[in-house]
Amino acid sequence: MSPSALPSQASVVVIGGGVMGCSTLYHLAKQGVSDAVLIERNKLTSGTTWHSAAQVRALRSSRNLTELIRYSISLYSQLEEETGQATGWINKGSLSIATNEDRVIHTRRQEALAHLFGLTADWITPGEAKERWPLMNADDVLGAVFSPEDGRVSPSDLCAALVKGARSHGGQIFEDTGVTGILTKGGKVVGVETTAGTIRCDAVAVCSGLWSRKTAGLGGVGAPVWPCEHFYLLTKPVEGISGNMPTLSDHDSHLYIRDDSGGLLIGCFEPMGKAISPDELGEGFAFQLLPEDWDHFEPMMMNALHRLPVLETAEVKTLLNGPESFTPDSSFMLGEAAETAGLFLGCGMNSMGVASGGGAGMALAHCIVHGHTPTDLHEADPKRYPECYNSVEALTARAPEVLGKHYEITYPGRSYTSARNLRTAPLEAKWRAENAHFAQVYGWERPLYFGKTQEPHLTFGRPDWFEQVGREVRQAHVAAAIFDQSSFGKIDVEGPDAEAFLNRVCANTMSRTPGRAIYTGMLNERGGFESDLTALRISEEHYRLYVGTAAIRRDVSWLQRHLKDGERVRLGDKTESFAVIGLMGPEAARVASDVGAGALRDLKFFRHCEAEIAGKTVRGVRLSYVGEPGWELTCAASDASEIYDALYEAGARPSGTLAQTAMRIEKRFLSYGHDLDTDVTPLEAGLDFAVDWSKDFIGKTALEKRRDEGVKSSMVSIVLDDEQAVPLGNEPIYLGSDIIGQTTSAAFGYRVGKPVALGFVKADRLSEAQDAPVRIDIARTLFEGTLSLKPAFSG
């Protein structure tokens, strides 16, 4: 029952009464925000939550995402004791079967990951799998992983328990109250307009599910979320089902299966979903369902009949079709938006809202209260999306494919095929002429390798492009290669206070003379990396920062929010104005001379100057991300083609991103999002050489404390003995029978002739690990290697 009168003031307004909104309100109240308000335009759980199949499977792609769901499991099992309201939590585990060799590898990689994250996961035989699911046809099953910690919950009961807990700590809920506007002033949230009046507030959490894109838009924020139809079949009671059973996952058939009231629930993530517009659903869509579509479901039904022969005689109760929301990359959005301070997003759950909701609501509440998530969740940061992903055209094309890839094998090199060519890079026409194979990064089409003759066959073994990438590495190692780095973000920081401002937000000293380049991190108050970047000081009042491709919105936002009142600094995103061409290799100096840019040859490392190529101005900086001599050349985007032609004419040839990645891993050059994140400090990463301890900067106090106490892990390189091993990153590192660390990046090292991985190992095992072979667990096969604190390639 809603309170009678809407308050005129609240610290936080949560918009949306599904599991994410209810969890966020509950955790805000538990964290001391006693005046938080939840607004729901219909009734609690309406929209998506009420019809969720509500599976809760703990294992995710990263430790921190996994811990969110482990938190959910703990919360769901304890809420009844706290509130007196049952949640319907049933802990019977999950069973994931494999019916082809690649799925076996995929599943065993997940098993290894589970062990790394401290989860119980056991590989079992087809016979043992059938014992756990007697109704299953196991004739084509090669094996399975059983995960006993998983389960399921009643979504409506769960929300009732969360709401009861929130109310007991002061939280208020208003149903049948629609949001008509989000008020902002000076780029910050100040209130919410509703059908029942206006609430002044300091923060808004958009947890409105299917309608989150529209709701966020009221506050000037892009939230690329789009609904798709989602199907599951319910049968009447079936002989052979008594009590509860593990959730059965048959991902090769695109199916999940569980018992339901003595019958069966069979859901699917079919290879290509069906998008539906929120406008088509309508403002009043609450507890309705979409029409049955047996033609669309029929291929999945045939798969289900194969897996469960009992279905041939089972009576169908209904084919449920309910909408769920998806994002362009299948990860949800959790955190503060770039465009509007105080507007937080908790949406786009990609059919994992109930599983993630407990932990995600906790993390969102923590972010609102403390200004950051409890652990690094860069995969969920809303600032990871460029604006081009938020168009109706891009979303309606991508969302069905995202749904379809939900159960797909995650081969290395897998990419989306829809909503491509959203942004045009300065040299894209050149790369297409070189038959580049592209991957989409932040909307850009980035060339992975060249000379493609056909679509590659994806595999967990050596990929089709192995030899070509080797040739491109050799081009940079023995001759001169051209790398396209134009998609990297470029931020101009200008003004009389630019130096003082950057010295405050950067760990390294920025008090260098014009003409110098500086490698530095921007750290948070906990000492972790918010970004790592290279800065060029162009003049006394002008710096240019080069940041990661997907980091531009996050980094601009970070800089903007750390400007002090009256600070004379101007920030400008110049990413699309400039191209960056890497000219690397022992022949780079000759090429530079041949094209009339001989001045570059006189530069010392981490120095830059202007030169001319093909009559066009470039700014060359002497540094390298691949461990070969050369320069990164910045030029006007419109001049890039002519400059490329001149370099090509002089003998340089293009090398792609895969070659660059292999070379940077050999050189132990770290990459944000792989090796660095907001939990990692320069001390663990071995990057404390880029810290100026003599000045004050954000994060210094925490960094000094960690330095004095000692780090718990350290970054290492591992060279594997077996040339045929294919590490990918995110694998356990063993010393004897103990897991002592985790790989973060991996590739074949063409210059050393062996696979190379980077990773973190426990500091208290480091000395021992340097004196004995370590092993990397690749799909439960252990590959021996040598660990070192130095780069694998030292040339």
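## Helices α1 and α5

In this predicted model, helix α1 (residues 19-30) and helix α5 (residues 155-168) have axes that come within 8 Å and cross at roughly 25 degrees. Angles under 35 degrees count as roughly parallel, so α1 and α5 are roughly parallel to each other. The crossing of α1 past α5 is left-handed.

Who touches whom here? On the α1 side we have Val 19, Cys 22, Ser 23, Leu 25, Tyr 26 and Ala 29, and these meet Leu 158, Cys 159, Leu 162, Val 163, Gly 165 and Ala 166 of α5. Sorted by class, the contact of α1 with α5 comes out at 10 nonpolar and two polar residues, with no charged ones.

## Helices α2 and α9

Next up is the packing of helix α2 (residues 63-83) with helix α9 (residues 353-370): their axes are 7 Å apart, at an angle of about 100 degrees. That falls in the range of 65 to 115 degrees, so α2 and α9 are roughly perpendicular to each other.

From α2, the contact takes in Leu 68, Ile 69, Tyr 71, Ser 72, Leu 75 and Tyr 76. From α9, it draws on Val 354, Ala 355, Ser 356, Gly 357, Gly 358, Gly 359, Ala 360, Met 362 and Ala 363. The class count for the contact of α2 with α9 is 10 nonpolar, five polar and no charged residues.

## The eight-stranded sheet

Now for a sheet. Eight strands line up as β5-β6-β4-β13-β14-β15-β12-β16, giving an open sheet with mixed pairing. At the edges sit β5 (122-124) and β16 (316-326), each pairing on one side only. On average, and ignoring direction, neighbouring strands of this sheet are turned by 25 degrees against each other.

Within the sheet, strand β4 (residues 94-98) pairs with strand β13 (residues 247-250) in the parallel sense, over three bridges. Ser 96 has Ser 249 of β13 standing opposite. Helix α8 (residues 294-307) lies across β4, β12 (226-235), β13, β14 (255-260), β15 (263-268) and β16, and runs at about 45 degrees to β12.

Which way do the partners of β21 run? Strand β27 (residues 578-584) is antiparallel to β21 and joined to it by four bridges, and Ala 481 has Met 584 as its bridge partner there. Strand β31 (residues 653-654) runs parallel to β21, with two bridges between them; here Pro 654 is the bridge partner of Ile 482.

Notes:
Residues numbered from 1 in each chain as written. Predicted model: local features only at pLDDT ≥ 70, side-chain atom pairs only at ≥ 80, totals over all residues. Heavy atoms only, no water. Pairing = 2+ DSSP bridges. Axes fitted to C-alpha atoms, helices over the stretch in contact; angles between N-to-C directions. Parallel < 35°, antiparallel > 145°, perpendicular 65-115°, else oblique. Left-handed = near helix turned anticlockwise from the far one by under 90°. Contact = heavy atoms within 4.5 Å. Nonpolar A, V, L, I, M, F, W, Y, C, P; charged D, E, K, R; others polar.
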